[in-house]
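Open the model in your viewer and keep the selection tool ready. The stops below follow one another.

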Amino acid sequence: MQLTTLVLAALTSLASAQKTWVVAVAQNGSLTYSPNKLVAQPGEFVQFQFHAGNHTVTQSTFDQPCQPIAMHSNVTGFHSGFLPAAASASMGMLPTFTIEINNTNPLWIYCAQGKHCENGMVMVINEPTTNASRTLENFKALAAKGTTIVPGTSAAGEGGSTGSASSSATGSAASPSSSTAGAGMLAAPGPIALMAVAGVAMLL
């Protein structure tokens, strides 16, 4: 009985550690991440699936929603790079960008394409519960007044390159280059076959 309990506990722990959250990027052509707010535990994964257009998943700070986090902290941050969906869709594929959560610190995310961030294409993972002012709604309001900066451009400086890491996450997409730093997140490359999307959804 005790052995059975231990085995079940180990299997439950393993299943929890491998949970994958799926976020749809620009589903139905919208400038959204869906869902745009979620709570993920350390060891869980968040997979961004790019459905339309040419978008990014880029980490920022709360106070500077449309700028790479490296511009305002000593954290490099993660950036998917631009992932155009149409080219992959013609081959029956979806571009993906997957990160592993290593702690419960909030992750503020924006799209670095054009004025998508200013138009509300932002999200948060692990919204703070102890600071009532740091909400997704307030983040979106700040973004509406912001100026989008793409990581790796002259305005952004040297930090924030594709596949870099942050204090709570690291990520990589179709780009083969990836690095880790701090307590970061781990990412898996895309794209994935459309048939595999259903498989991921069934695992949730």
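**Strands, rings, then a loop**

Select β1 (residues 20-25) and β4 (residues 45-50): the two strands run parallel, joined by six bridges. Strands here are DSSP runs of E with at least two residues, and helices are runs of H or I with at least four, numbered from the N terminus. Two strands pair if DSSP finds at least two bridges between them. This is a predicted model; local features need pLDDT of at least 70, side-chain atom pairs count only at pLDDT 80 or more, and totals for chains, interfaces and linings use all residues. Residues are numbered from 1 along each chain as its sequence is written, and side-chain values use heavy atoms, leaving out hydrogens and water.

Zoom to V23; F48 in β4 stands opposite.

Next, show the rings. Six aromatic pairs are counted (Phe, Tyr and six-membered Trp rings with centres within 6.5 Å; planes under 30 degrees apart are stacked, over 60 edge-to-face, the rest tilted). Pick Y33 and F48: centres 6.3 Å apart and planes at 75°, so the pair is edge-to-face. F48 counts as buried at 0% relative accessibility (buried is under 20% relative accessible area, exposed over 50%, partly exposed in between; 1.4 Å probe, protein chains only). Ring pairs link Y33, F48, F78 and F97 into a cluster.

Finish at T148, in the loop between α3 (136-144) and β12 (171-172). T148 is buried, at 18% relative accessibility.
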